[in-house]
Amino acid sequence: MNKALIIGVSGQDGAYLSKSLLAKGYRVFGSSREINNNNFTNLKTLDVFDKVSVLPLNPSRFSEVFAIVKNVVPDEIYNLAGQSSVSQSFLRPLETIESIASSTVNLLEAVRISGAQIRFYSSVSSDCFGGTDFHADESTSFNPKSPYAIAKAMAFWATKNYRLAYGIFACSGILFNHESPLRNENFVTGKIINTALRIKNGSKERLKLGDISVIRDWGWAEEFVESMWLVLQQKKPDDFVIATGESNSLEALVREAFLAFGLNWKDHVDFDASFLRPLDIKAEYANPAKASEILGWKAKFKMRDVVHAWGKALGNI
């Protein structure tokens with residue numbers, strides 16, 4: 001039985017990946033910084049909490065990282081942990097960089113020192129590109145515009161360095177936006193969907209948003225985690241852009257979300273300048289052709305599918 005260690009198992013991706021790997025017959029270990037103060041809602045929502053061996057770990061501490069790698073001796077490590085809010089990264093830049101970049105190096109170093117044949121996956125963000133007016137692929141240069149994106153870019157280059165320097169099977173997935181009902185309201189998509197639902201159910205609240213002209217590529221998280229597994233099943237380690245290939249404005253997503261609940265978004269949404277970031281990405285476009293060609297992975301859910309699947313999961317569409 002293959003063993004997988006998921007760093008950051010309690011998040012959206014960690015929960016869906018746990019479910020996917022368990023279905024494939026893996027023994028799944030997962031780490032969390034706050035094991036005693038974490039209710040593991042996502043794992044429980046997907047009914048996999050009792051099937052995952054949850055272990056305490058602060059990835060920023062090398063001694064803890066090395067100990068868990070040595071004790072578990074996983075076949076695969078999925079590095080999904082770290083401060084994940086772009087907005088918060090401007091307020092907590094050092095914490096963000098430590099939780100993402102330093103943690104990634106600690107994991108890679110633990111794999112190197114252990115000498116075990118461990119395959120390593122690191123989750124990187126499309127924010128590293130800094131926005132493009134063309135469809136970005138694996139050859140597109142990075143131009144990070146937030147502490148979060150800087151940290152993710154550092155993690156990407158560390159992963160590639162360990163692959164080239166030490167022959168470790170280390171890969172990165174450059175993931176564009178991917179959503180699910182597990183998203184809370186710290187994420188704009190969760191805020192939009194849940195607010196629209198409450199308004200449909202009688203709430204008089206207003207949805208306050210910043211720049212809704214921004215353009216993103218939105219996919220479905222449950223599909224995206226499948227790509228993570230596929231990356232580590234290849235003969236050679238490599239990096240892949242993971243996206244739907246379709247981009248839409250945030251305004252289009254807002255319109256679709258309210259329409260799904262039988263509402264006109266213009267009747268319920270206000271602009272709020274406090275949600276503007278010091279430096280934001282205007283548009284993101286992706287070319288996931290390499291993932292399709294090599295991994296055989298292609299997104300089935302585009303933005304409108306995501307919105308309707310999310311609403312259906314909430315039992316209101």
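1. Let me start with a term: a residue is buried when its relative accessible area is under 20%, exposed when it is over 50%, and partly exposed in between, using a 1.4 Å probe and protein chains only. By that rule, helix H3 has four names to look up: Val65, Ile68, Val69 and Val72 are its buried residues. Because these buried residues fall within an arc of 95° when you look down the axis of H3, they line one face of the helix. The arc is taken from the directions that run from the helix axis to the C-beta atoms.

2. A word on what you're looking at. This is a predicted model, where local features need pLDDT of at least 70 and side-chain atom pairs count only at pLDDT 80 or more, while totals for chains, interfaces and linings use all residues. Residues are numbered from 1 along each chain as its sequence is written, and side-chain values use heavy atoms, with hydrogens and water left out.

3. Back to H3 (62-72). Helices (H or I, at least four residues) and strands (E, at least two) are DSSP runs, numbered from the N terminus. What covers the buried residues of H3? The cover includes strand E1 (3-7), E2, E3, E4 and helix H5 (93-114), where contact means heavy atoms within 4.5 Å. Turn to the face pointing away from the buried side and you'll find the exposed residues Ser63, Lys70 and Asn71.

4. Now the sheet. It is an open one of 7 strands, in the order E3-E2-E1-E4-E5-E6-E11, with parallel pairing. Strands E3 (53-56) and E11 (240-242) are the edges, each pairing on one side only. From one strand to the next the twist averages 20°, with axes being lines fitted to C-alpha atoms and angles running from 0 to 180 degrees between N-to-C directions.

5. For a closer look at one pair, take E2 (residues 27-32) and E3, which run parallel over 4 bridges. Two strands count as paired if DSSP finds at least two bridges between them. Glycine 30 stands opposite valine 54 in E3.

6. Most residues other than glycine have a negative phi. Phenylalanine 40, in the loop between E2 and helix H2 (41-45), has a positive phi near 50°. Is phenylalanine 40 buried or exposed? At 4% relative accessibility, it counts as buried.

7. Valine 73 lies in the loop between H3 and strand E4 (76-79) and is partly exposed, at 41% relative accessible area.
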